[in-house]
Each structure stands twice: as C-alpha cells, then as structure tokens.
Amino acid sequence: MSDFLGKIDDFIAALGSRFWIWFSVLSFLLIYGLIHQTNVMGWPSPDVSLRTVDSDVYIRMTKVRELIQGGSLYDHTVAATNAPYGGISTPWTRPLDFILIALYQFSPSDFSIEKRLLLVANWYPLMIVSMIILMLTKAAETGFKSVQKLGLIILCFIADILFNAHNYFMVGNVDHHSLQALLWCTTIWLLLSKPSHPSALTLGATLGLWFWISPEALPFIFMAYGILGVKAILNPAQSYMPTLTSIAVTLTTCVGLFVEYPPDKILSTLAYDTN
C-alpha cells in the first residue's frame, strides 16, 4: 500500500513545478481582479454595474472613509441610518479598517476617496485568498504527502459547498470573516510547524489578533490550546509553547483594548459580539 501511495505522490509531484502552480493561481486572480476593476474605473457613471456584497460592506467603507478624513477612532456611529431613531453603532473592531486604510495608500491619489476605497474593496478579497493559499501551502510542507494534500483540497471544496465560504472572498466584499479565515490558516501552519520560541510567540499574536477581531475566534483558540496541551504532555520539552503563546495572546488582546476604547473607559464600556 505504501508503494502505491508513493507512486501517486511522485506522479502528482511530476505534474508541474511550484513556480508554474503559483504562476497559474496568481495569474487567474490577477485577471479576475482586473476584469472586475473595469466597473470601479467607470464609477460613478450610471451605466456602470457596480455593487458590494451587502449593506455591511457599505457601512464599513463609510466608517473607513470617516477615519481617513480625520474621524474619531472611538466613534462607531453611522449617521443617517435607522431613521427616525438616530444612527446605529457598528459592532466591528478596527484591525480590518487599518488594513483597508493601508491598502488605500497605494491607490491613485488623483481619484476620489470613494473610488479609491472601491478599488481597495476590489483587490482586498483576492489578496486574502492569495495569502490563505500561501499559509495552507506552508502548512502542507510540514510533512504531508501530495496525495494527502489532494484529500485536504477535496475537503476544502466540500466545506465551501456546505458553508458557502467563497462568498467572503468575492470581489467587493471587505468582510472580517475572510481575515479570520486567513488567521485560522496561519494558526494551522504554526501548529504543524517545528516548535520554537518565535513560532510560539507568533502563534499567540495570531490568536490574540483573531480574538481582537471577534469572539468568534474562541472555539478555534480552545482547539489550538488543546493541541498545544496534548503535544506538551507527549513531549515535555515543548511545554514552553502554551506559556509563550498565552503571553502573546494576552499582550495582543491588551493592545486591542487600548486601541478600541479610551483608556478611561476600558473598565466601564459595555461591548458585545462583533460578528
């Protein structure tokens, strides 16, 4: 049986080099993004068919625009919504907003702020997809055979069909769930990689950032700690991994608190789930 699997592994490996695989993937994403970018470039013409996935994206982009224009970091109110009862407050945290603002700096400065943000919304999901593929590739290089990688790919397609996860990566969808998917793939890579002090701290920072973005991270954080605990029990030399990871998670979460809330209101502010 092992000889048969070995032959399959050699056959898959012989189909093409890593360069051509990456070239094909990135070329497809680039062409796909350029096709949809034509809609953005024609904005605000009424003849242009342009939309984001849902109203959440418009609301987030509105708050990002306010930040770029000098709005308060602590103000989550969206004016002129929920009439006649006043504006609603978004439950989202700021990490994704910071990423969008950083990408905004690379857009053409002679475009309007709205058009520049629409360009960001066009390319952000495709960049996240590229990074997810990279993280899963790094994870697969930790010991999986090619035939096992093929099984993982099939499972990913099945999961996508069941949960419609691809919606988070459609052009125009600047949603924090796609960022969470990237952090989960990064977590998988770090859990499978060779234990070290840097990897433990990086894992903790990844989990801490994920928790900062949304409490939806908690089940995955529990799972990660379970894996670290079992590995530490089986190999006591790795007992430092949960400790260093916990330190990094705590520090990253504390940074998040001071970014999201004024220092004098951290202990008095009531917050809720950010999904």
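How many residues does helix α8 have, and what distance does helix α8 reach from its first C-alpha to its last? Helix α8 covers residues 197-213, which is 17 residues. Its end-to-end reach is 24 Å, close to the 24 Å expected at 1.5 Å a residue. This is a predicted model.

**Overall layout**

The protein has 10 helices and 2 strands. Read from the N terminus, the order of elements is α-α-α-β-β-α-α-α-α-α-α-α. The protein has 275 residues, and 36% of them are buried. Take the contacts between residues at least 6 apart in sequence: 72% of these join residues at least 24 apart.

**Helix α8 and its cover**

The buried residues of α8 are S199, A200, L203, G204, T206, L207, G208, W210, W212 and I213. What lies over them? The cover of these buried residues includes α4 (95-104), α7 (176-192), α9 and α10.

An α-helix has 3.6 residues a turn, so residues three or four places apart point the same way. In α8, the buried set includes S199, L203 and L207.

A205 also belongs to helix α8. Leaving out neighbours within four places in sequence, A205 is in contact with A248 and T252.

**Helices α9 and α10**

Helix α9 spans residues 218-234 and helix α10 spans residues 240-260. Their axes come within 9 Å and cross at roughly 155 degrees. That angle is over 145 degrees, so α9 is roughly antiparallel to α10.

Which residues meet here? From α9 come Y225, L228 and A232. From α10 come M241, P242, T245, S246 and V249. By class, the contact has 6 nonpolar residues, 2 polar residues and no charged residues.

L244 is buried, because its relative accessible area of 18% is under 20%. Beyond residues up to four places away in sequence, L244 touches H197, A200 and L201. A200 is itself among the buried residues of α8. S199 is another buried residue of α8. L244 and S199 are 45 residues apart in sequence, and their C-alpha atoms are 9.3 Å apart.

M61 sits in helix α3, which covers residues 55-68. Is M61 buried or exposed? M61 is buried, at 10% relative accessibility. Not counting residues up to four places away in sequence, M61 touches L100, L117, L118, A121 and V174. M61 and V120 are separated by 59 residues in sequence and by 9.8 Å from C-alpha to C-alpha.

T186 lies in helix α7. T186 is buried, with a relative accessible area of 12%. Setting aside neighbours within four places in sequence, T186 is in contact with M135 and T206. T206 is one of the buried residues of α8, and α7 is part of the cover over that buried set.

**Pairs apart in sequence**

| Pair | Separation in sequence | C-alpha to C-alpha distance |
|---|---|---|
| L244 and S199 | 45 residues | 9.3 Å |
| M61 and V120 | 59 residues | 9.8 Å |

**Cysteines**

How many disulfides does the model have? The count comes to 0 disulfides, where a disulfide needs a pair of cysteine sulfur atoms within 2.5 Å. C185 counts as buried, at 9% relative accessibility. C254 counts as partly exposed, at 35% relative accessibility.

Key:
Residues are numbered from 1 along each chain as its sequence is written. This is a predicted model: local features need pLDDT of at least 70, side-chain atom pairs count only at pLDDT 80 or more; totals for chains, interfaces and linings use all residues. Side-chain values use heavy atoms; hydrogens and water are left out. Buried means under 20% relative accessible area, exposed over 50%, partly exposed in between (1.4 Å probe, protein chains only). Axes are lines fitted to C-alpha atoms, for helices over the stretch in contact, and angles run from 0 to 180 degrees between N-to-C directions. Helices (H or I, at least four residues) and strands (E, at least two) are DSSP runs, numbered from the N terminus. Angles under 35 degrees count as roughly parallel, over 145 as roughly antiparallel, 65 to 115 as roughly perpendicular and the rest as oblique. Contact means heavy atoms within 4.5 Å. Ala, Val, Leu, Ile, Met, Phe, Trp, Tyr, Cys and Pro count as nonpolar, Asp, Glu, Lys and Arg as charged, and the others, Gly among them, as polar. The expected span of a helix is 1.5 Å times one less than its number of residues.
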